[in-house]
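Please read them with the coordinates open.

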Amino acid sequence: MKKRILSLMLVPILLFSMVVPGSAAESRDSADRLAAVTTKVKNTLGLDTERYKEFSGQLTEGELAPAWRLSWSGENGSLEITASESGKILSYYSYSADEDRNGEPLALPKSDPAKARAAASAFLKRVLSSGETVDLDAAAETASSLRESRYYFRGTIKLNGQPSPLGFSLMVRTSDYAVAQFSRDSLEANYIGTVPSATFHTKQSAVEPLLRGTLSLRLEYVLDEGERTAVLRYLPDSIHDFYVDDTSGKLVDLTRLYEELGERGESTGDKNMIFGGPSADAGESDAGELTQAEQLGADKLKGTLSKETLDKKARAISQLGLDSYILASASYREEEISDASVIVVRLTYAKRVDEETMRRWVTLDAKTGALMAVQSSGRWDENEVKKVDEATARNTVEEFLSTQQGERFDLCAAYTAGSSTQENGRYSTWSFRYARKANDYFFPADSFAVGIDAVDGSVSAYSQSWTADVGFDDPKGVVSAEQALNAYFKTFQITKGYVAVPQKLDLSDADYAPLAEMGYRALNSLKLGWKLTASEQGVTGIDAKSGKPILWTHEERGALQYSDLADSSAKNAAETLAGYGIGYGGGLFRPEKTLTQLDLVALLASTQGVLIDPENMDDGDASRAYRVVYSMGALRREDRNDSKQLSRLDVIKLLLDAGGYGPAARLQNIYKTDFSDQEKIPEELLGYAALAQAMKVAQGDSAGRLNPSQSATRGDAAVMLLAFMQRN
């Protein structure tokens with residue numbers, strides 16, 4: 001077996017991520033290691049690799065443990081596996097050139113979730129170590145999709161029956177129910193120490209008050225989508241990550257531990273960014289942009305100010321510190337602001353400092369010159385002297401906002417939720433946020449954020465958000481903070497399991513010398529502990545009047561819902577299609593409505609991901625749907641007639657043409673049907689009726705009649721479309 005493996009290796013033999021002086025003995029040792037791990041992997045997975053013509057092995061001598069990347073390839077596919085020295089599978093990727101991802105046009109997936117789960121379970125039994133298990137039911141992703149060619153499983157690997165920080169992902173392809181992808185976290189490569197036995201000593205009753213004490217809420221106004229009156233709501237504050245150590249019974253602040261120890265010393269950052277600004281190259285694309293007239297049209301640009309005038313207005317705002325900058329470019333564009341269309345201009349300023357380019361982007365209303373936003377990029381220099389203290393920076397911010405926002409700023413106060421004031425040492429920036437207050441409570445949806453350059457004191461960043469004509473609910477009758485916190489705490493579960501905890505390294509230990517050189521000061525270990533687990537329903541806060549949790553609601557991807565199908569014979573068909581995202585937007589199906597060409601076009605377009613509501617369309621919606629149906633072959637451009645009422649036979653023809661059956665249906669003198677009114681079917685369309693009957697897309701009424709010229713309804717279209725997509 002060893003000779004077979006080595007004969008398949010690509011030369012020059014092994015690739016190393018860590019260079020080792022080569023000698024004949026060492027090369028043989030490495031080859032032997034490759035042969036051994038390959039044999040273990042093949043035995044673990046039961047692999048037959050005879051069909052592959054090439055093989056290579058790549059070794060990564062990691063900081064804690066080595067890993068092997070094994071690669072097979074051939075004419076019809078490839079296989080890549082990453083494994084530990086012991087042969088534990090860490091990742092797996094299989095590609096087959098014969099795999100069919102497209103499937104039939106206009107057909108529902110015919111895959112079997114049970115088979116996919118069985119395949120995933122069998123694979124995991126092979127690759128998981130003793131004491132490792134997963135809950136496949138919890139890990140399965142069940143969203144329906146017309147183009148479903150994969151089943152995905154993502155979740156946690158349990159150790160000794162307990163949750164752990166180790167995760168996995170696995171994908172089963174539906175063409176042959178084979179596992180095509182798998183990856184998992186490596187215990188050996190990412191954790192130090194041993195895995196403690198799953199014997200807990202601390203009681204949950206002792207843990208509860210400690211974890212509850214880590215939660216806090218703030219009472220603020222919130223404006224729900226579509227509403228005009230803001231209501232008071234208790235919202236969760238951002239908190240550190242805590243756990244209760246099972247051995248000591250003490251509460252541990254993991255966030256602070258990581259900050260104090262640091263897994264790799266200093267964290268990295270993007271040195272080209274400052275307080276949310278775009279990348280340093282962002283301004284360089286202006287030269288290639290379209291002209292103003294080409295971008296927006298001459299009419300939309302009427303009344304806009306010239307870049308010279310706008311430049312003067314920007315420079316007149318002394319806090320922006322533009323005296324040392326030159327104007328590089330101006331870009332006009334249209335934006336939607338507070339439901340209104342506004343033409344804005346983005347002025348790009350630049351200056352050179354120590355062979356580096358500093359940029360500042362200033363956005364103004366192109367017709368009034370009103371300041372709208374500021375962004376900057378600059379150097380990353382931790383050692384640069386900060387000449388501006390917090391108090392001076394705050395005075396600049398308040399003077400700036402008072403001038404720019406006037407009465408709006410008078411309604412605001414320094415926002416204290418989280419960190420309202422902070423110094424970003426990496427970019428020498430002071431950051432502030434002021435939010436609107438009503439009835440002594442913050443409404444942070446209306447706020448102003450300002451960044452101050454700590455070196456020169458200029459405004460380096462500015463953004464704003466404001467809601468017009470908003471009302472505020474009376475604060476009388478709110479529940480107490482204690483009641484709200486009790487309700488919020490009850491939405492959590494207290495779970496016990498393994499927790500990743502940073503552990504300081506003894507850098508005097510020779511084994512850790514490479515880690516010390518790379519900047520590591522700590523690595524994770526596994527400890528038994530207790531943590532709060534948030535509700536899967538997604539709790540966003542507590543209603544201040546009722547004291548009940550507010551749940552984050554969302555529709556499943558692809559799912560549609562209708563409120564008018566209760567008594568319809570098309571209910572099952574419409575709801576089944578809706579589960580795959582097929583149907584109409586707007587929440588109403590209107591099953592009894594006489595079907596128009598546009599109605600059917602919209603229904604067919606939704607099978608390709610284009611969802612519209614024919615009763616409430618935006619500009620271009622109908623044309624977009626028609627373009628999809630043209631590409632499906634169901635209609636020609638010259639046949640478009642949005643309001644044309646369709647017959648049952650019209651629906652059959654369009655469905656079969658969209659599904660690719662048109663050429664067969666148009667063959668003459670070979671078809672007949674069992675419909676009692678076949679004589680009413682035009683001869684040139686008899687093939688469509690015959691195929692539709694054979695596929696059970698169209699069935700006769702109680703008298704066996706097709707009723708080809710009878711007007712169709714939206715409900716009829718749903719029933720026939722579902723039958724067509726379920727054809728055998």
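1. Asn-707 sits in the loop between α19 and α20 (714–725). Helices (H or I, at least four residues) and strands (E, at least two) are DSSP runs, numbered from the N terminus. Phi of Asn-707 is positive, about 55°, although the residue is not a glycine. Most residues other than glycine have a negative phi. With a relative accessible area of 22%, Asn-707 is partly exposed; buried means under 20% relative accessible area, exposed over 50%, and partly exposed in between (1.4 Å probe, protein chains only).

2. The model is a predicted one, in which local features need pLDDT of at least 70 and side-chain atom pairs count only at pLDDT 80 or more, while totals for chains, interfaces and linings use all residues. Residues are numbered from 1 along each chain as its sequence is written, and side-chain values use heavy atoms, with hydrogens and water left out.

3. Asn-669 also has a positive phi without being a glycine, near 65°. Its place is the loop between α18 (662–665) and α19 (686–694). Is Asn-669 buried or exposed? Asn-669 is exposed, at a relative accessible area of 72%.

4. On the chain as a whole, there are 20 helices and 29 strands. Of the 728 residues in the protein chain, 43% are buried. Taking contacts (heavy atoms within 4.5 Å) between residues at least 6 apart in sequence, 63% join residues at least 24 apart. The accessible surface of the protein chain is about 37,800 Å², and carbon and sulfur atoms hold 47% of that surface; accessible areas come from the Shrake-Rupley method with a 1.4 Å probe, and for residues only the protein chains shown count as cover.

5. The largest pocket contains about 670 Å³ of space. Of its 24 lining residues, Thr-156, Lys-158, Pro-163, Thr-495 and Thr-533 are the closest to its centre. A pocket here is an open set of points on a 1 Å grid over the protein atoms alone where a 1.4 Å probe fits, with protein on both sides within 12 Å along at least five of seven lines; lining residues have an atom within 4 Å of a point. Grid points are joined across faces, edges and corners, and the volume is the space filled by probe spheres set on the points.

6. Which elements give two or more residues to the lining of the largest pocket? They are α4 (136–139), β7 (150–156), β26 (493–504) and β27 (522–533). β26 provides the largest share, seven residues. By type, the lining divides into nine nonpolar, nine polar and six charged residues. Ala, Val, Leu, Ile, Met, Phe, Trp, Tyr, Cys and Pro count as nonpolar, Asp, Glu, Lys and Arg as charged, and the others, Gly among them, as polar.

7. Strand β12 (residues 217–222) is largely enclosed by the rest of the structure, because five of its six residues are buried. β12 runs antiparallel to strand β13 (residues 229–236), and six bridges join the two; strands pair if DSSP finds at least two bridges between them. Leu-219 has Tyr-234 in β13 as its bridge partner. Six residues lie between the strands of this hairpin, and Gly-226 there takes a positive phi near 85°.

8. Strands β4 (residues 77–84) and β5 (residues 89–96) run antiparallel and are joined by seven bridges. Ala-83 stands opposite Ile-89 in β5. The hairpin has four residues between its strands, and Gly-87 has a positive phi near 95°. β5 is also joined by three bridges to strand β10 (residues 178–184), again antiparallel, with Tyr-93 partnered by Gln-181 in β10.

9. Lys-313 is in helix α9 (residues 307–315) and counts as partly exposed at 34% relative accessibility. The C-alpha atoms of Lys-313 and Ala-370 are 8.2 Å apart, with 57 residues of separation in sequence.

10. Ser-329, in strand β16 (residues 326–337), is buried with a relative accessible area of 14%. Its C-alpha atom is 9.8 Å from that of Trp-361, 32 residues apart along the chain.
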